[in-house]
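Work through the exercises below with the sequence and the 3D view open. Try each task before reading its solution.

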Amino acid sequence: MIIKTLSPEEARQRLREVRILADVARFDLDALAANATWKEVEPGEEVVSHLTRDTHVFFAVEGTFNAKLQTAHGRQVAIRQMTAGSHFGEIAALTNTPRSVWVVAETAGLVAECPAEAFSDLLARSGSFALAVAAHLARNVVALTDRVFELAALEMRFRVYAELLRLAAAGEQTSDGVLIREAPTHEAIASAVGAQREAVNRELRNLAKAGVIQQTKRELLIIDIEQLRESLHRRAGATTSEAVDWRL
């Protein structure tokens with residue numbers, strides 16, 4: 001990671017782009033900015049290492065980052081994805097425990113790295129910030145609860161449907177359907193749903209043949225989102241997968 005210097009005004013403006021900091025008072029945001037170290041990251045660079053003891057909190061203003069775990073045999077499991085405007089690392093800061101995941105940059109990005117003490121001070125001073133952090137953690141609990149249910153109760157096909165619906169929640173509505181720009185690779189989808197890439201490839205091809213989706217190199221168009229919803233609901237019943245953007 002390369003350290004980047006920002007002026008106080010620019011640092012405040014960039015931090016304001018982070019969702020949980022949107023309503024923080026200027027004075028408090030300036031105090032946080034004064035303690036931040038800005039770092040540029042490259043694709044594939046590890047930002048957080050699993051089981052390390054550091055407690056810094058990261059605010060992402062550019063780029064996409066993946067939180068994941070890996071077995072002793074190298075199989076990776078996606079936990080969640082963070083995009084610009086997200087944050088990560090707060091669990092270690094709040095609990096003073098080792099890092100629970102790896103966080104790796106999927107694209108080039110820019111993050112503000114803040115000490116746990118500065119994060120905790122802002123929690124104590126700003127009620128709106130504390131509420132935003134609590135709401136974020138609660139949303140993650142809901143999203144991860146759905147994923148545990150899916151892994152335990154649903155066949156791979158329906159887990160793929162649920163993942164596509166999660167992606168669609170942050171997609172762009174067009175006249176042809178819901179467009180997901182910079183769509184995750186088939187390998188990334190397989191990691192998210194706990195399946196082999198080849199099985200996910202087959203299922204996505206089946207959906208494309210049925211006219212439900214259309215794929216290009218880095219875009220995914222969901223043409224018939226209602227069919228995905230109905231198929232998932234018939235098998236899984238009512239869940240909150242569609243309502244929760246797991247990348248927040």
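Helices (H or I, at least four residues) and strands (E, at least two) are DSSP runs, numbered from the N terminus. The model is predicted: local features need pLDDT of at least 70, side-chain atom pairs count only at pLDDT 80 or more, and totals for chains, interfaces and linings use all residues. Residues are numbered from 1 along each chain as its sequence is written, and side-chain values use heavy atoms, with hydrogens and water left out.

**Exercise 1.** Describe the spans that UniProt lists as domains.

*Solution.* Start with residues 20–140, which an unreviewed UniProt entry lists as "domain: Cyclic nucleotide-binding". UniProt positions are given here in the numbering used for the model, feature names are shortened, and annotations may be inferred rather than shown by experiment. This span is 32% helix and 32% strand, and its end C-alpha atoms lie 14 Å apart. Next, take residues 154–226, listed in the unreviewed entry as "domain: HTH crp-type". Here the content is 51% helix and 21% strand, with 19 Å between the end C-alpha atoms.

**Exercise 2.** Describe how strands β5 and β6 are joined.

*Solution.* Two strands pair if DSSP finds at least two bridges between them. Strand β5 covers residues 65–70 and strand β6 covers residues 76–82; six bridges join them, and they run antiparallel.

**Exercise 3.** Is V111 buried or exposed, and which residues does V111 contact?

*Solution.* First locate V111: this residue lies in strand β9 (residues 109–114). Then apply the cut-offs: buried means under 20% relative accessible area, exposed over 50%, partly exposed in between (1.4 Å probe, protein chains only). V111 counts as buried because its relative accessibility is 0%. Finally, list contacts (heavy atoms within 4.5 Å). Beyond its neighbours within four places in sequence, V111 touches T37, W38, K39, F58, F59, A60 and F65. V111 and F58 are 53 residues apart along the chain, yet their C-alpha atoms are separated by 6.2 Å.

**Exercise 4.** Characterise the interface of domain 1 and domain 2.

*Solution.* The bounds, from an automatic or database domain assignment, are 2–146 for domain 1 and 154–242 for domain 2. Seven residues from domain 1 and nine residues from domain 2 take part in the contact. Buried area is the accessible area (1.4 Å probe) that two parts lose on being put together, summed over both. Here it is about 580 Å², 33% of it on carbon and sulfur atoms. R75, A78 and D146 supply 66% of the area that domain 1 buries against domain 2.
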